[in-house]
Amino acid sequence: MKKKLLSLLLCLVMLFTVACNNGTKEETVTDREGNEVTIPKNIEKIVSTAPSNTEILTALGMGDKIVCMDTYSEGIEGVKEDVVKMDFTAPDAEEIIGLEPNIIIASGYNKAGSSDDPFKSLSDAGIPVVYIPSSESIEGIYKDIEFVASIVNQEDKGKEIVDGMKSDIEEISTIGKTIKDKKKVYLEIGPAPTLYSVGKSTFLNEMIEIIGAENIFANENSWISPSEESVIDANPDVILTTVNYVENPTEEIKSREGWEHINAVKNNQVYYIDSNSASRPTQNIIKALKEIAKATYPDKYDK
């Protein structure tokens with residue numbers, strides 16, 4: 001019975017949406033996944049399904065337009081206190097429909113582990129859904145911001161954000177290019193016993209190179225799970241961690257058996273980098289970039 005009622009409700013909403021859109025200006029856009037989607041030009045109610053999307057929207061001044069967001073967006077400044085929070089691995093279609101959003105800005109993370117589109121029933125009901133896969137490059141992040149800015153009619157603000165990022169990166173890169181004796185860096189995003197780190201084709205690897213350092217796993221591809229032995233053998237000069245779910249992550253690293261022989265541990269060069277700004281592909285990577293720069297080369301960047 002419940003499924004029949006939901007199907008009926010979806011059909012009614014679709015008819016209502018079509019009827020409303022007949023009097024609403026629309027445009028067809030190509031989202032960051034390559035899908036063509038027809039969206040209204042006037043966006044007043046937004047569903048954001050990932051913290052990266054929420055951070056971009058709030059930076060664009062659209063936080064007050066968010067009527068529903070993912071639970072991981074909790075704590076992001078710029079959204080209303082009473083915004084609905086939802087687990088988008090299993091979105092509640094009825095509740096979302098009841099919020100009457102103009103658009104759903106979805107993430108590639110929402111499809112993780114599944115080939116199915118979790119928002120198909122909603123797009124079938126006439127609610128536009130645009131997808132933003134998780135960008136693996138800084139250039140991709142620029143394009144994500146520009147795309148979101150374009151669909152919410154904040155192109156000028158989007159350009160301002162991207163230009164600001166480019167200016168900050170250029171300033172840091174200018175210093176990085178002067179560094180000849182490059183330090184070797186190990187960046188840990190997942191702790192022992194199953195380590196996770198990054199190789200090339202990631203914005204985090206780009207950030208290490210921008211500051212004038214070398215990622216010890218730069219020859220590996222994308223997101224990797226190295227062995228402890230490989231880290232010890234690489235003997236990094238600096239260890240950075242974004243792990244925020246273990247007690248005192250820097251001390252945990254320094255206490256590992258065999259790691260006392262690593263230069264970074266011997267010289268107490270183990271630092272925590274803000275997890276959110278380092279892991280979310282948004283304008284806030286600049287915060288992580290500055291922290292990485294100052295931790296690795298305090299004499300060059302801590303001024």
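Reader: Fine, what is the mean pLDDT of the protein chain?

Author: The mean is 92, and 91% of the residues in the protein chain reach 70 or more. Over residues 18-23, however, the pLDDT is below 50, and beyond near neighbours in sequence this stretch has one contact in the model. Where pLDDT is low, the predicted coordinates should not be read in detail.

Reader: Switching to Asp144, which helix is it found in?

Author: Asp144 belongs to helix H5, which covers residues 138-151.

Reader: And is Asp144 buried or exposed?

Author: Asp144 has a relative accessible area of 2%, and because buried means under 20%, Asp144 counts as buried. Leaving aside its neighbours within four places in sequence, Asp144 is in contact with Arg32, Ile56, Ile132, Pro133 and Ser135.

Reader: How many of the residues of H5 are buried?

Author: H5 is mostly covered, with 10 of its 14 residues buried; among them are Ile141, Ile145, Phe147 and Val148, as well as Asp144 itself.

Reader: What should H5 span, and how far apart are its end C-alpha atoms?

Author: At 1.5 Å a residue, the 14 residues of H5 should span 20 Å, and the end C-alpha atoms are 20 Å apart, so the two values agree. Just after H5, Asn153 takes a positive phi of about 60°.

Reader: Glu55 next: where is its place, and is it buried or exposed?

Author: Glu55 sits in helix H2, residues 51-59, and it counts as buried because its relative accessibility is 8%. Not counting residues up to four places away in sequence, Glu55 touches Ile76, Arg280, Thr282, Gln283 and Asn284.

Reader: Now the open sheet: in what order do its four strands come?

Author: The order is S10-S8-S12-S13, and the pairing is parallel. Strand S10 (214-215) and strand S13 (270-272) are the edge strands, each pairing on one side only.

Reader: How many bridges are there between S8 and S12?

Author: Strand S8, residues 184-188, and strand S12, residues 238-241, pair in the parallel sense over four bridges. Leu187 has Leu240 in S12 as its bridge partner.

Reader: Last one, which strands does helix H12 lie across?

Author: Helix H12, made up of residues 285-296, lies across S8, S12 and S13, and it runs at about 150° to S12.

Methods
Residues are numbered from 1 along each chain as its sequence is written. This is a predicted model: local features need pLDDT of at least 70, side-chain atom pairs count only at pLDDT 80 or more; totals for chains, interfaces and linings use all residues. Side-chain values use heavy atoms; hydrogens and water are left out. Helices (H or I, at least four residues) and strands (E, at least two) are DSSP runs, numbered from the N terminus. Buried means under 20% relative accessible area, exposed over 50%, partly exposed in between (1.4 Å probe, protein chains only). Contact means heavy atoms within 4.5 Å. The expected span of a helix is 1.5 Å times one less than its number of residues. pLDDT is the predictor's confidence in each residue, from 0 to 100. Two strands pair if DSSP finds at least two bridges between them. Axes are lines fitted to C-alpha atoms, for helices over the stretch in contact, and angles run from 0 to 180 degrees between N-to-C directions.
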